[in-house]
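This report goes through one structure in short sections. Look at the sequence and the model first, then read on.

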Amino acid sequence: MTSSPSALQRALITAAEHIKQHMMQIGSEQLRDQVELSVTSEGLRIELVDRSQSSFFDSGSSVLRPETERILSVIAKEVGQLANDVVI
């Protein structure tokens, strides 16, 4: 018998779904595919995975690409609404 998710887990799942939905509207598909979301026993895990053919930064630059800023803004908005601590 499996137990239903707690209110906290449901909130994390909802946040992950909102992030995915909003990311579909912005940025390049490659960058969206580099954002991995999962709900774990520790909370909502968000991984930003740089790839050799696609990066969150332009080559040789320390400045975020505009679509990266939009993706991070979506993530920040959702995470900011959660009651959990944030660990980076």
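## A network of salt bridges

Asp 58 and Arg 65 form a salt bridge, with 3.8 Å between the closest N and O atoms. A salt bridge here is a side-chain nitrogen of Lys or Arg within 4 Å of a carboxyl oxygen of Asp or Glu. Asp 58 is partly exposed, at 46% relative accessibility, while Arg 65 is buried, at 18%. The terms rest on relative accessible area: buried is under 20%, exposed is over 50%, and partly exposed lies in between (1.4 Å probe, protein chains only).

The side chain of Arg 65 also meets that of Glu 67 in a salt bridge, at 2.5 Å from N to O. Glu 67 counts as buried, with 15% relative accessibility. Through shared partners, Asp 58, Arg 65 and Glu 67 are joined into one network.

## Source and confidence

The model is predicted: local features need pLDDT of at least 70 and side-chain atom pairs count only at pLDDT 80 or more, while totals for chains, interfaces and linings use all residues. Residues are numbered from 1 along each chain as its sequence is written, and side-chain values use heavy atoms, with hydrogens and water left out.

The predictor's confidence in each residue is its pLDDT, from 0 to 100. The chain has a mean pLDDT of 87, and 95% of its residues reach 70 or more. Confidence is highest in β2, at a mean of 93, and lowest in α2, at 80. Where pLDDT is low, the predicted coordinates should not be read in detail.

## The hairpin and its salt bridge

Helices (H or I, at least four residues) and strands (E, at least two) are DSSP runs, numbered from the N terminus. Strands β1 and β2 (residues 43-48) run antiparallel and are joined by six bridges; two strands pair if DSSP finds at least two bridges between them. The two strands form a hairpin, with two residues between them. Glu 36 has Glu 47 in β2 as its bridge partner.

Arg 45 and Glu 42 form a salt bridge through their side chains, at 2.6 Å from N to O. Arg 45 is partly exposed, at 37% relative accessibility, whereas Glu 42 is exposed, at 68%. The count of salt bridges comes to three.

## A buried loop residue

Gln 34 lies in the loop between α2 (29-32) and β1 (35-40). Its relative accessible area is 1%, so Gln 34 is buried. Leaving out residues up to four places away in sequence, Gln 34 touches Glu 47, Leu 48, Val 49, Asp 50, Arg 51, Ser 54, Ser 55 and Phe 56, where contact means heavy atoms within 4.5 Å.
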